[in-house]
Amino acid sequence: MPNDHAADPATTGGTPAGTATARGDARIHDIGYRGYDGPRLGRSHARRALVEQSVRGAFGIGRSAKSKILPMLLLAIMVLPAVIMVAVALVTNLDDLPLEYTRYAVMLQPVLGLYIALAAPQMVSLDLRYRTIPLYFSRPLERTDYVASKLAALATAIFLFTSLPLVVLYAGALLAELDAGDQTVGFLQGLAGAVVFALLHAAIALLVASLTPRRGFGVAAVIAVLTVPYFAATSLQVILHDLGNTAAAGWVGLLSPGTLMDGVQGAYLGGDTDFPPGSDPSAGGMGLAYLLVTVGLTALCSFLLVRRYRKEGI
Amino acid sequence: MTAIYHPTVARLTFRALLGRKRALIMAVLPTLLLAIAIAVRVPTGADDRAAVSVLGGFALAAVVPLVCVIAGTGSIAPEIDDGSVVYLLSKPVSRQTIITTKFIVAVAVTALFTVVPVYVAGLILNGNSQYIAFAYTAATAAAVVAYSAIFLLLGVVSRNAVVIGLIYALIWEALFGRLMPGVGNLSVQQWSLTLAEQIAASGANVTSTVSLTAGVVLLVLATVGSIWYAGRRLASFTFAGEH
């Protein structure tokens with residue numbers, strides 16, 4: 001066995017200068033540590049590995065059986081209505097699906113919100129709590145890489161979670177021989193909506209989750225940030241509409257992530273909204289505001305997230 | 001006969017609930033409610049439908065369950081989580097007493113953060129016209145008692161108490177409650193709304209999916225049952241960390 005260190009005087013014997021020991025025969029033994037001379041996969045590979053591991057973790061894959069229960073249960077709750085709709089469409093020979101593709105995520109928003117609230121703290125809180133952040137940065141990974149990877153992973157997980165029922169709906173619609181052209185357009189609009197939804201919510205949820213090392217606290221905080229403004233905005237919309245101020249009811253939708261998404265989809269992805277009648281944002285003025293706020297909020301949260309990690313783990 | 005209130009346990013629980021960030025989060029929600037009430041009242045004047053919409057659609061549907069999840073589970077779950085509950089359980093205090101004390105404290109704290117703001121918001125919105133403020137204050141008080149008991153039980157039974165509590169409040173009551181009216185039979189929100197329905201004038205249009213008797217009976221059953229079972233579970237408590 002070739003061993004370069006065998007000839008090294010420092011390891012074969014003699015007391016190194018400056019170490020005063022009681023016995024004169026102190027020596028450092030060579031116990032066979034060897035350097036790594038395999039391939040070094042570098043920064044981009046580390047980034048990809050982090051994304052992959054985080055996405056798997058978000059669905060409980062590669063974690064204990066117990067931590068698979070909730071994500072899989074929520075995924076089942078998420079897909080179930082789609083399966084029922086497809087079954088109804090097949091049995092009763094409907095001309096169209098009972099729900100537009102873009103409406104699906106809005107209707108099941110509580111389920112999505114809960115999933116996001118579970119997945120986001122899971123991705124960042126353990127690293128903060130057990131102070132493993134410095135270990136990441138002892139690799140070729142940069143701080144922005146860590147943040148970007150986590151953000152990409154959460155957005156991917158949310159997108160998969162949102163788009164799986166849409167795929168079920170689309171497949172069912174084609175099986176039921178609904179108009180393929182219409183369905184494809186609707187499906188693609190639904191997917192586009194899911195991309196916007198995933199990016200916006202990933203940025204918000206990850207920022208909130210990264211503020212606390214305690215998972216339970218993170219879950220509650222993300223839920224609160226996503227749902228409380230939503231309840232506030234929707235009840236304000238109803239009130240303003242009742243009072244005859246439809247334009248203001250439209251603008252109030254800007255105040256919560258959920259209604260923001262709804263408005264963007266209504267304006268640009270050809271869907272209805274949950275907004276009170278007459279207050280839907282149009283593709284022109286108000287719709288543009290919705291789009292700008294969505295993009296701006298995503299960018300702002302991502303920027304704050306990078307800033308939040310700038311000094312972490314030093 | 002075991003006592004139902006132990007002052008030292010109560011003091012420690014109060015401190016755990018009102019210290020740190022927890023109180024801050026709990027304070028944010030009622031503040032938001034009052035801000036919305038003012039924002040609705042100032043430009044449009046008193047309006048009964050607006051009052052019902054804010055108090056029913058936001059206060060009772062979102063603020064009350066969220067504050068109760070935080071306070072109900074927060075009164076015992078963190079202690080179990082970090083293991084310091086050992087020191088509490090090793091004292092010569094009946095475990096049923098511990099549960100009832102923590103329940104009383106949780107109710108007091110949630111009442112402070114929900115019942116009072118709901119009443120004030122009701123007064124701001126329409127000055128108690130058609131008794132809407134009274135109606136929702138009573139409903140909130142009833143809901144707070146039942147929610148606190150249920151979420152306290154969750155905190156004893158499960159380590160994922162916050163998540164399960166949120167699933168119940170947001171998915172079961174808010175989402176399924178809207179889609180399937182039958183869910184109202186198993187929803188604290190609907191049970192307590194029966195009280196509001198009785199108190200408010202008939203023109204206020206406050207409705208619940210369950211009858212008054214059913215609502216009250218179920219509220220009492222849920223509260224007493226949860227406290228009793230939480231005491232039982234705490235009495236036979238074993239530590240997961242021992243194995």
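Tutor: Helices and strands are here DSSP runs, a helix having at least four residues and a strand at least two, numbered from the N terminus. With that convention, residues 69–92 of chain A in this predicted model are 100% helix and 0% strand, and their end C-alpha atoms lie 34 Å apart. A UniProt record, an unreviewed entry, places the feature "transmembrane region" at this span and also at residues 112–130, 151–175, 187–209, 216–233 and 287–306 of chain A. Residues 287–306 of chain A are likewise 100% helix and 0% strand, with 29 Å between the end C-alpha atoms.

The chain as a whole is the background for the part examined below. Chain A contains 12 helices and 0 strands. Its radius of gyration is 26 Å, well over the 20 Å that the globule rule gives for 314 residues, so chain A is more spread out than a compact globule. Along the principal axes, its C-alpha atoms fill a box of roughly 95 × 45 × 35 Å. Buried residues make up 42% of the 314 residues in chain A. Of the contacts in chain A with a separation of 6 or more, 75% are between residues 24 or more positions apart.

Among the buried residues of H11(A) are Pro257(A), Gly258(A), Asp262(A), Gln265(A) and Ala267(A). The covering can be traced to particular elements: the buried residues of H11(A) pack against helix H4 (101–107), helix H5 (109–129), helix H8 (180–209), helix H9 (215–242) and helix H12 (285–308) of chain A. Just after H11(A), Gly270(A) takes a positive phi of about 60°.

Chain A also meets a partner. In that interface, 25 residues of chain B are in contact with 20 residues of chain A. On the chain B side, the elements that give two or more residues are helix H2 (20–44), helix H3 (48–74) and helix H8 (161–179) of chain B. H3(B) provides the largest share of that side, 10 residues. By type, the side of chain B that touches chain A divides into 20 nonpolar, 3 polar and 2 charged residues.

Leu125(B) lies in helix H6 (residues 95–126) of chain B, and it counts as buried because it has 28 C-beta neighbours inside 10 Å. Not counting residues up to four places away in sequence, Leu125(B) touches Ala37(B), Val40(B), Arg41(B), Ala46(B), Ala50(B), Ala51(B) and Val54(B). Leu125(B) and Gly165(B), 40 residues apart in sequence, are 30 Å apart in space, C-alpha to C-alpha. Pro92(B), in contrast, is exposed, with 4 other C-beta atoms within 10 Å. Its place is in the loop between helix H5 (85–89) and H6 of chain B. Pro92(B) and His6(B) are 86 residues apart in sequence and 11 Å apart in space, C-alpha to C-alpha.

Technical notes: Residues numbered from 1 in each chain as written. Chains lettered and ligands numbered in written order. Predicted model: local features only at pLDDT ≥ 70, side-chain atom pairs only at ≥ 80, totals over all residues. Rg over C-alpha atoms; globule rule 2.2 N^0.38 Å. Buried ≥ 20, exposed ≤ 12 C-beta atoms within 10 Å, placed from the backbone. Contact = placed C-beta atoms within 7 Å. Nonpolar A, V, L, I, M, F, W, Y, C, P; charged D, E, K, R; others polar. UniProt positions renumbered as here; feature names shortened; annotations may be inferred.
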